[in-house]
Amino acid sequence: MGILSSMADFIDGLAKRHRLLPWLLAYLFLLPLPFVLATLFNEYLIDLANRICLFILLAVGLNIVKGFCGQVTVGHIGLYAIGAVTSAVLTLEPGGFGGALGFGWPVWAAIPTAVVITAFAGLIVGLPSVRLEGAYLALATLGLGESVRIFIAVTPALGSSTGLMMIPAPSIGSFVFDSFTSYYYLVMTAAIVGIYFSFSILRSATGRAFQAIREDTIAASVNGINVVKYKLLAFVLSAIYAGLAGALFAHMPPGYLHHNNFTVIEMVTLLLMVVLGGIGNVWGGVIGAIVVAIAYDQTKDLVFYFMDRPVVVQPLVFGLSMVLLVLFMPRGIGGWIEDFQRNRRFIRRSEERLSATARNS
Amino acid sequence: MPLLETRNLRKSFGGLQAISDVSLKVEPNTVHGLIGPNGSGKSTFFNLLTGVYQPDDGSYIEFNNVDVTGKPAHFIAEQGLSRTFQLLRLYGELSVLDNVLVGFHPHTKYSPFAPFFNGGEVRRQDNLVKEEMFELLEFIGLAEHAEIPAAELSGGQRRLLALGRAIAMRPKMLLLDEPGAGLSPANVDSLMDTIMTLKDRYDLTIVVVEHILKVVMSTCETISVLDHGQKISEGSPEFVKNDPAVIEAYLGREMADEDIRAAMDA
């Protein structure tokens, strides 16, 4: 508690000088990470760090629609797929391998276009939320998300079963982001900027409108919030995050996309991140993304033998931890963070009051 | 010129006629009481006025010279019609300050996308609004609880916050749905004092649904009585109190019939 408190004090002090200082510090702190990982462990961990950054973008985006606005969506992975496939297809050379579509666009034009198209798709995924709630909404969005994957899986122009290959990497001048390390700087920047904007939304009237809808939809509408507009807006904003994560995933080395990356299992993994993180808490979601992505990576190839038959451990572990989390830690890591922040506020207020009485006496 | 007018307002749920042909006028800067037995349609009436329910065909609602019949709730709120709920419906996990900030929502000047493009302007405007909301919280006595979640307030404080959230909208008219429910008589009196002070301070017109007749009789200039979805009486507190139709509605038909029979036997 002591170390955490002094760290929090330090960050608060920085933020008082300038709002962006803590963010800058975090950025500087994360800059040498690839070299640390490569030196202490191995090159592969940089690839894991890159994927964690993408998962952070996805989790933070999902948190906007599910955490802030309270809309249960299981279609987020489908938006991720749309962002990825759109950006890939736009940049591939025409007449590519296996009948895949290609438009030969520059990467830097394709990524924003993919984000815009995903935002529109997000609007469509959000439409059922106008009439449906809870489990019904989850089912509707699950259908939409999964049908995106199946569509990709059966359409040769979008890669079908072989996947899309040789997706070009982005470049600035002659510098090409085609290694794990160089790509790390791209996705890490995107993740930090994404987290920052998620806070900007949360702390504006937009974020308050989302939360009001989550807490009580009728009261929100009577308070002058256009519930339909803001629900759809939450879906669109989360789709922007998913689209960006998808597009960045497509161009990440080795530039290969397969529909297996967009299955329901991936969606459950994503949900696990947000639930472990504590629904509605941004930092919780980030920590959840890091923890679950590492756990996912570590348990991926784990198999044990039951009566000479192989049993894949991962779905068991993830399913069980989801149940245990919801039962025993419903507020997730975010709950601890909130308690910690409240304690600090309480202590600060008490100290202020004490010093005020000391002055007066 | 009434601030609020309904003509032939009606609403049925399946076979149940919850509100039938209620016509009502509320003059500006008055306190208008709405009373009636349980199930007489008072809350439905509020829900129709604020757009929570859609009225049936043939109804007409005009607020501040704008036809708001069948308009969505947020549109009606934007016209300056605010309300509280019988069950409060506070945003439990949001802080007290955030609750009143949501109440202020219709006056937000920046676009929902502004946090992306113009964070500085968002912060500048929010800080101004927060100052204003702090004044409001100080006025209703919740300023020192500004940062705690609304769910952790006491019952009386929650009622005050519901009031504060409704006022934060700077409404022209405030609909109060049983503001005193569940409060001790002393607390009800102090709550009504607060409401009357708020009325003067913010230049409000108030329509109040209340079961505690003493409160209604002492604060309202006009009272309308609903029974089985129909307006059965309207007038000054003195008039309504002595109206036989009202007495019958409250004491029950059988009892009234018995009274009549007793009178005939005698």
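Chain A and chain B meet in a contact that takes 22 residues from chain A and 29 residues from chain B, two residues being in contact if their C-beta atoms, placed from the backbone, lie within 7 Å. The model is predicted: local features need pLDDT of at least 70 and side-chain atom pairs count only at pLDDT 80 or more, while totals for chains, interfaces and linings use all residues. Residues are numbered from 1 along each chain as its sequence is written, and chains are lettered from A and ligands numbered from 1 in the order in which they are written.

**Chain A against chain B**

- On the side of chain A that touches chain B, two or more residues each come from α8 (180-202), α9 (205-215) and α10 (217-222) of chain A; helices (H or I, at least four residues) and strands (E, at least two) are DSSP runs, numbered from the N terminus.
- With seven residues, α9(A) gives the most to this side of chain A.
- This side of chain A consists of ten nonpolar, eight polar and four charged residues. Ala, Val, Leu, Ile, Met, Phe, Trp, Tyr, Cys and Pro count as nonpolar, Asp, Glu, Lys and Arg as charged, and the others, Gly among them, as polar.

**Domains of chain A**

- Chain A splits into domain 1 (23-262) and domain 2 (263-361), with bounds from an automatic or database domain assignment.
- Taken over C-alpha atoms, the centres of domain 1 and domain 2 of chain A are 21 Å apart.
- Domain 1 of chain A puts 26 residues into the contact between them, and domain 2 of chain A puts in 18 residues.
- At least two residues each of the domain 1 side come from α4 (44-68), α5 (76-91), α7 (134-154) and α8 of chain A.
- α4(A) supplies the largest share of that side, 13 residues.
- The domain 1 side in chain A holds 15 nonpolar, seven polar and four charged residues.

**Domains of chain B**

- In chain B, domain 1 covers 4-80 + 171-265 and domain 2 covers 95-168.
- Between the C-alpha centres of domain 1 and domain 2 of chain B there are 29 Å.
- Their contact draws twelve residues from domain 1 of chain B and eight residues from domain 2 of chain B.
- α2 (73-78) and α7 (185-202) of chain B each give at least two residues to the side of domain 1 that touches domain 2.
- The largest share of that side in chain B, five residues, belongs to α7(B).
- Eight nonpolar, three polar and one charged residues make up the domain 1 side in chain B.
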